[in-house]
Each structure stands twice: as C-alpha cells, then as structure tokens.
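Dear colleague,

Please find below the structure that I am handing over to you. My notes on it follow directly after.

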Amino acid sequence: MLGFLKRPIVLTTDINVNVVVLTGVGLLSRLWRLTYPRAVVFDEVYYGQYISFYMKRVFFLDDSGPPFGHMLLALGGYLGGFDGNFVWNRIGAEYSSNVPVWSLRLLPALAGAFSVPMAYQIVSELHFSHCAAMGAALLMLIENALITQSRLMLLESVLIFFNLLAVLSFLKFSNCQKHSPFCLSWWFWLALTGVSCSCAVGIKYMGVFTYLLVLSVAAVHAWHLIGDRTLSNVCVFCHLLARAVALLVVPAVLYVLFFYVHLILLYRSGPHDQIMSSAFQASLEGGLSRITQGQPLEVAFGSQVTLKNVFGKPLPCWLHSHQNTYPMIYENGRGSSHQQQVTCYPFKDVNNWWIIKDPGRHQLVVSSPPRPVRHGDVVQLVHGMTTRFLNTHDVAAPLTPHSQEVSCYVDYNISMPAQNLWRLEIVNRESDTDVWKTILSEVRFVHVNTSAILKLSGAHLPDWGFRQLEVVGEKLPRGYHGSTAWNVEEHRYGQSQEQKERELELHSPTQVDFSRNLSFMARFSELQWRMLTLRSDDSEHKYSSTPLEWVTLDTNIAYWLHPRSSAQIHLLGNVVIWASGGLATAVYTLLFLWYLLRRRRQICDLPEDAWQRWVLAGAVCAGGWAVNYLPFFLMEKTLFLYHYLPALSFQILLLPVVLQHVNDHLCRSQLQRNLLSALVVAWCSSACHVSNALRPLTYGDKELSPDELKALRWKNSWDILIRKH
C-alpha cells in the first residue's frame with residue numbers, strides 16, 4: 001500500500017529549446033536599456049495621464065477602447081510605486097525621479113518579447129516545418145516597428161500578444177480535438193482561447209477583429225463536427241455547449257468584469273465627469289456628488305431645479321436664461337419676438353435655476369406636505385432670477401427657422417399673449433403615475449398650445465447670445481432623442497416667496513438629507529454607450545496616414561527627438577519584411593484561387609491533408625491580416641502607422657508558410673529548390689541588414705551625423721539595400 005514511498009517520485013517534461021532560446025532573445029531585444037529615453041515618447045503622453053488617474057482613483061473616459069489595457073499599464077505603475085504625480089502635458093518632457101519608467105514600460109516589452117516564441121508555436125501548430133516556424137519567429141524578432149512599439153508605454157504590443165495567444169490557443173485546442181477531446185488540456189486551451197479573445201477586445205476595440213476571426217474558424221469546425229456521424233447527438237451537443245460557453249459566455253463575462261474593476265478603482269470625480277449623466281456624476285466621490293448628495297428625491301410644485309440636457313452634445317449644458325432679449329431683426333432680415341433669451345449654458349450659473357410652478361396657484365414655494373409632480377402634469381417653468389415664465393410661440397427660432405423660438409415671456413402689452421403651459425412627460429417611467437425624480441428621471445416638456453417639445457438644437461448663437469447653445473421648440477418630433485430630454489441635477493425645496501429672499505436662497509448651497517447610488521449595470525451601460533458614441537477630435541495630424549500608405553511603407557512617425565543631440569526614435573518598418581509580406585499575401589491569394597478553380601474541375605494538385613493545412617493556414621494568417629487591415633478603409637478617424645501592426649504580425653506568419661509551400665509543392669526539381677534556398681538566404685540577409693541599419697532609429701541610443709540621418713530616412717530604405725549590394 002505504501003510501496004510508492006520506496007522509490008523517488010520523478011517528473012519528466014519535454015522542453016523545446018528553440019522556444020526557450022527565442023524567448024531569451026526576444027526578452028533581450030525588448031528589455032535592453034528599457035528606461036531609455038527617460039522622457040515622454042509620443043503617445044505615452046496620453047497613456048501616462050490615464051495611469052495617473054488610476055493611481056489617484058480619478059474617473060476618466062477614453063473612447064479608444066475598453067479599460068483593460070489601461071489597467072495593465074497602471075498595474076506596472078502600481079508595482080513600481082508610482083504615485084501618479086507627474087504632469088503629462090508635453091512629448092519629450094523628462095520624467096521626474098518618482099516615475100518608475102522601467103516598470104511602466106515592462107508589460108508592453110514582455111508582451112512583445114513573448115510574441116516571438118508564440119509565432120514559432122503558431123506555425124508549428126499549423127503543421128509546417130521547424131524551419132518555417134523559426135523563420136516566422138525570427139521575422140517577428142527583427143522587425144523594427146514591432147521592436148519600437150513594444151519598448152514604450154503603448155498598447156499595440158499587448159494587443160498583438162493576446163491576438164496571437166487567442167489563435168495559438170485555438171490551434172492547440174483544435175489539435176487536441178483530433179486526439180483526446182474533453183481531456184484536461186482540451187478544456188484548458190478552449191478556455192484560454194475565450195479568455196485571450198476577451199483580453200484582446202478589452203485592450204482595444206480593434207481586438208474584436210481577431211475575435212471574429214477565431215469565432216469564424218470555430219464555427220466552421222463546429223459545422224464539420226455536426227456532420228460527423230460517428231458522434232452521438234449528446235456528444236455533439238456537449239461539444240457545441242462547451243464552445244458556446246468558452247467562446248461566447250466567458251468573453252462576455254470577462255468584458256463586463258473589466259469595467260467592474262475599472263469603476264471600482266475610479267470612484268472619485270475627475271475632469272471627464274461632465275460627459276456623463278447627472279446620475280453617473282452623482283455616484284462619484286466629490287464633484288457633483290458634493291452638491292447633489294442628499295437632495296430631495298421627488299420634485300414638487302415649488303421646487304427650485306437646474307435642468308441638464310441628457311444628450312450632452314456638442315457640450316453638456318443646462319437650461320439657462322438672462323435679462324438680454326433676442327434682437328428685433330436678425331442678420332438675415334428675419335424678425336424675432338424680442339423676448340428674453342433662453343439658451344443652454346455649458347457652465348454652472350445662478351441663472352440656470354428654475355422654479356416648478358403649479359399653473360393653478362400663485363405661490364412659488366413648496367407646500368407642506370410637498371405635492372409631487374407626476375407624469376402628465378401641466379406645469380409652468382419660472383426663471384429663478386428674473387421670475388419670467390418659459391414660453392414658446394409661433395415665431396421662428398433664430399438659427400433653426402423650422403422650429404419655434406423659446407423665450408421667457410416679457411409682456412410688451414401687444415397682441416402676443418403668453419403661452420407658458422408645459423406638459424411633463426417622464427421618458428424612462430415605469431408607469432403613467434410615476435413621480436418626477438431628481439437626477440433619475442429623464443423628462444420632456446411638451447408645449448400645451450403648440451405641442452412643440454423643448455429641445456437643444458446644438459447650434460451656437462452669435463455674439464448677441466454670448467455664443468451659448470440654442471434652445472428651440474421642436475414642432476414635429478421624430479420619436480425620442482436625447483436632445484429633447486432633460487433631467488434635474490440640482491434640486492431644493494423653495495421656501496422664500498419674496499424675490500429678494502429667493503435670490504439669496506438660489507445662491508445658497510443645496511440641502512443635505514440623504515444620498516443615492518447608481519447600480520453597476522446602469523453605470524456600465526452608460527459608460528459603454530458614451531465610449532461607443534463619443535467622437536474624438538478627428539483633425540489631421542502631422543504623422544497621420546492612410547491604409548494604402550501602410551502597405552507600401554510610405555509613411556513613418558517621429559516618436560522622439562533628443563533635445564541636445566541628433567539621437568531620435570522613429571516608428572519605421574523593415575522594408576524587406578513589409579514588402580515580402582505583401583508579396584506573400586498576393587501569392588497566397590492567387591494560389592488559393594487557382595487551386596480552388598482546379599478542384600472545381602476535379603483536379604487535385606495537393607493531397608487532401610496538404611490542402612486542409614493550406615486552407616487553415618490561409619484562414620489564420622491571411623485572414624488575420626485581412627480582418628485587421630481592411631476595416632480601416634471604412635473608418636472615419638485619424639489613423640497612424642501603428643494601427644497596421646496587428647495585421648502585420650499575421651502577415652509575418654504567412655510569409656514562411658508560403659515559402660515552404662512553394663518549396664514542397666511547386667519546385668519540381670532539386671535545382672529549383674536550391675535556387676529558392678539561395679534566394680531565401682539572400683532575402684534573410686537583406687532583412688537582417690536593414691534591421692541592423694535602422695537600429696539607431698529603433699532604439700534611439702546613438703547620435704547620428706547629418707549624412708547618417710539622410711541615409712536612414714525612411715524613404716531611402718531601399719538605398720540601404722542598394723549600398724549593401
């Protein structure tokens with residue numbers, strides 16, 4: 001029974017020395033002098049700000065993608081003891097002593113280093129030769145743009161890492177499927193595929209392209225599985241269920257989890273608060289929550305409120321009025337009512353306060369007990385500082401002539417009676433008897449006389465309107481839109497009937513009675529929507545480029561220039577690798593179509609196993625390049641060369657695959673194979689030579705003379721090869 005104690009326990013394992021060596025060389029190339037330059041390099045100026053926000057627990061919003069990538073960078077700062085105290089306002093600014101540059105750049109560098117052995121393993125899992133796998137890894141190792149991008153506090157190398165990990169995990173899972181389905185390693189690789197896909201999407205939305213690629217390949221495999229008559233119905237169902245859970249449910253849960261951690265960490269008010277709704281802002285510590293915490297929940301007749309537009313575009317703003325009136329005649333010759341202006345003002349101001357009045361009563365205070373305002377009630381909105389009533393009539397708005405002008409009524413004793421009754425509609429009500437609630441309720445004001453809806457047009461008024469935003473009465477509303485919805489942000493129960501006392505009351509802080517919280521799912525939904533709909537500044541950048549310029553390498557980016565010498569860092573690709581990758585993609589496409597046409601004619605140039613291997617390699621490598629490149633032609637945003645790097649990594653995997661295929665199936669004689677080998681050796685030599693020649697611009701650690709700089713200009717990359725030969 002205890003016989004196992006009589007001899008030692010021995011564990012054996014297989015170690016692939018190639019993977020170990022490639023990992024070591026990859027680490028050396030990415031980690032060598034990682035803290036140089038000790039200055040802000042290009043987009044580190046943006047990512048550094050987000051890291052500081054994490055360190056200080058301050059909320060921020062970035063429309064470039066979900067927060068997982070930012071949290072990984074912040075983890076490096078946390079482990080390095082960074083306190084977040086650094087002003088990220090200028091590219092080239094030297095880091096202070098409290099900034100742990102090495103730990104901040106460590107994670108992208110590790111991701112770039114581990115991508116090298118992963119390239120080797122992916123080609124091996126596609127059942128190509130050791131030489132082809134080594135070729136893919138070496139190309140990944142020496143490609144200058146990949147080296148540059150992975151040595152800085154940027155996210156592209158991390159995205160590439162998880163893209164490749166997702167593909168590698170699925171290939172290993174697929175190979176396990178052929179030998180031992182439902183074994184431990186089968187479950188491990190399937191689960192890791194889902195986790196990797198979720199991480200890729202969680203870093204940048206670009207990761208969804210690779211996720212869709214993996215889902216497509218998995219769907220084809222599942223379709224073949226369904227047609228396998230050797231499997232029982234129960235077995236097929238278990239296969240499909242396992243794939244659905246691992247590739248759909250797990251990524252979705254992890255994606256939500258990223259935001260959960262993000263919102264748990266960032267609980268303080270920050271500079272991006274105004275983009276969010278009042279309810280979201282009130283859920284953060286400080287900022288609006290200090291003002292709104294404990295306000296009365298139910299809006300009553302006599303309540304004093306500020307009304308914020310829900311849409312928040314082009315700027316978050318509040319319903320506002322002041323004593324100035326609309327000009328009698330506009331610049332285009334149209335006339336106005338000459339009534340008091342009503343606008344939307346993007347700043348906190350005492351003129352943003354309004355009193356909710358019962359049309360049947362004269363008092364402007366809350367009764368005891370308060371009478372809450374409900375959905376469908378007719379109200380009057382009285383401007384707090386001028387006591388004039390919100391009004392609209394059949395007069396064209398100043399900048400939106402198809403809509404009605406909105407004003408505060410001034411009685412000029414002419415034939416223009418006041419039309420100041422508004423019916424309240426609670427948009428997000430649960431029943432028709434819902435009470436109007438502070439912050440939580442989104443409401444519309446429908447004009448009783450004309451049925452026009454109070455709306456933010458978004459246009460900026462001229463100088464006579466102080467460049468504030470126009471508010472109009474929309475005559476023909478086309479369904480619900482955020483520009484017609486308003487919510488109460490600040491709220492107090494009015495106590496003063498006299499105007500002078502009321503003005504003092506409006507200037508005083510709001511009362512504090514109780515607080516309220518917004519649920520995580522509500523915050524997650526709003527944050528997700530803001531990220532997807534927020535449009536960043538799409539103005540042209542000095543180094544912006546088009547997708548066509550990426551393929552031809554007709555662009556570069558100057559990342560950093562030494563302030564006192566000629567040392568500099570450029571994002572610059574290895575022209576030999578980029579040109580060869582493009583050629584390999586074209587060759588694969590032509591060969592695939594040729595084989596496909598001939599197979600349609602019942603002519604099989606390749607054995608079935610070689611054909612299946614060729615198709616799978618194309619789906620993974622050529623497909624990975626296509627899904628990570630072609631969508632950029634449809635994007636209306638400022639694009640840079642580094643957006644091409646995920647596609648390039650797949651193209652690098654395709655290159656040795658095509659070379660091996662040509663050698664194995666198209667070279668008919670030994671002479672042709674020898675000639676191809678000689679060409680490959682010359683090509684490898686050229687790629688290494690260009691990589692070494694561009695090294696000063698990749699690492700930026702060498703001062704260059706004017707002649708050397710001219711020789712290394714990216715448009716002269718081919719000259720490097722010409723001089724060599």
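A residue is called buried when its relative accessible area is under 20%, exposed when it is over 50%, and partly exposed in between. Please bear in mind that this is a predicted model.

L241 has a relative accessible area of 45%, so it counts as partly exposed. This residue belongs to helix α10, which covers residues 233-265.

In soluble globular proteins, nonpolar side chains tend to be buried together. Here, the largest nonpolar core has 152 residues, and the members that touch the most others are F162, I557, Y559, W578 and L653. The most to this core comes from helix α7 (residues 156-179), with 14 residues.

Beyond residues up to four places away in sequence, Y559 touches V41, F42, I91, T148, Q149, L152, L154, I569, H570, L571 and Y642.

One of these partners, T148, lies in helix α6, residues 144-150. T148 has a relative accessibility of 1% and therefore counts as buried. Apart from neighbours within four places in sequence, T148 is in contact with Y559, I569, H570, L571 and T698.

With kind regards

Definitions and conventions
Residues are numbered from 1 along each chain as its sequence is written. This is a predicted model: local features need pLDDT of at least 70, side-chain atom pairs count only at pLDDT 80 or more; totals for chains, interfaces and linings use all residues. Side-chain values use heavy atoms; hydrogens and water are left out. Helices (H or I, at least four residues) and strands (E, at least two) are DSSP runs, numbered from the N terminus. Buried means under 20% relative accessible area, exposed over 50%, partly exposed in between (1.4 Å probe, protein chains only). Contact means heavy atoms within 4.5 Å. A nonpolar core is a set of buried Ala, Val, Leu, Ile, Met, Phe, Trp, Tyr and Cys residues joined through side-chain atoms within 4.5 Å.
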